[in-house]
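Please study the sequence and the structure before reading each solution.

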Amino acid sequence: MREFVTVFVIACAALMVAACGAQGESGKAQAGPVGVWQRSITGAVGKPYREILELLENGTYVKHAGGWAADRGRYAAEAGVMKFTSEVDQRHTRNVAFTLTGGKLTFKLTVPLPSQEEWTRFNQAPNFRTIDIDGRRVPRNLTGMLAVALVSEARPWRKDAVPTWIRVQQGGNGQYEALLHFYSPSTVEEMRIRVSAYDYQKSTNDGSRTATAPLSPEVLDLPQVLALAKQSGLKGALERADIRVYNRYGAVWMLTTNARQGVTVSGETGAIIREDVTGYIAQYNAEWARIVALWQPILARFMPQPVSLFSGSTPSSSSDSGSSGSSGPTYDTGSQNSWSQGDWGAYHRFQTGTPTGNDCNRYGGC
């Protein structure tokens, strides 16, 4: 463990430079409403929230907000009116009068009541850099972000904390957030850091039921893995990606898309893995076989002539001879008596139609 930690922290230095080196890009002077804007609002219980609105030069916008307010689409600004055309929720499609004064963007709303929204320019760089893939901004350099979080958050929390997995998931506005996971072997605790483009939240919990194998800083980056998966036939835009360490396989990426397709890729070599790395399928099949084996004696007993579920009647047919019920013994008496005595071995044999001579002599009904 000590050797891994030393290697990871050394790798952090280079990765942190790569992760943070582009932060100056958001500070460029912007003409007109193009740029990143923020506003602070107070929720129903008095809790403050921050919303971020990105108005991009290509005529698209992204709104980073909670719940249904998260949005993305296209916009056009002309003659003091900004037209928003949402790709998420038609309730966000609207024409809004606006004014732009210095570093303040003001929207004059009329629905549901006359009001104003005031936005100020926001010059902080996003928490992660992205690559445009399938019209989505897919996070890149995730190990760099993991390194920053390890040094700034996880290590001050627990000195032996190590990164164990990453999850990238698409939000309601089509943008992604990353969930970074750390584990402390000495205290058996976990830290989870949820990172969105302009915000992050962290929590700590019991770690006795989580993945504990350390994740190497040298795994393949998500955009590269996604490109390899598409070359192998994966269709659709990315919805979720997970990477963690599995026995015999090492670090493994699991990708799913909005086309209901998924693929498993080695995080070390990029090879497509066509086996179940989790072992879940093998475990499920073994349990299925065990249950089938338990039912076989009962099926064998009733297969020759099915018994009606309705007492005293059987389905009628043109060849009905007037008889009803099963011709074999029902073992009702034996079942009742063995149950009353708590003799579960005999009770089970009566239920499966395989009572012994001793069962019959003791409990009757044979």
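**Exercise 1.** Determine how many bridges join strand S12 to strand S13, and in which direction the two strands run.

*Solution.* Begin with the extents: S12 covers residues 176-184 and S13 covers residues 189-195. Strands here are DSSP runs (E, at least two residues), numbered from the N terminus, and two strands pair if DSSP finds at least two bridges between them. Next, count the bridges: 7 join S12 to S13, and the strands run antiparallel. Within this pairing, His-181 stands opposite Arg-192 in S13. Finally, examine the hairpin of S12 and S13, where 4 residues lie between the strands and Val-188 takes a positive phi near 55 degrees.

The model is predicted: local features need pLDDT of at least 70, side-chain atom pairs count only at pLDDT 80 or more, and totals for chains, interfaces and linings use all residues. Residues are numbered from 1 along each chain as its sequence is written, and side-chain values use heavy atoms, leaving out hydrogens and water.

**Exercise 2.** State which strands close into a barrel, and in what order.

*Solution.* The barrel has 8 strands, in the order S1-S2-S3-S4-S5-S6-S7-S8, with antiparallel pairing. As one example, 5 bridges join S6 (residues 94-101) to S7 (residues 104-109), which run antiparallel. There, Thr-101 stands opposite Lys-104 in S7.
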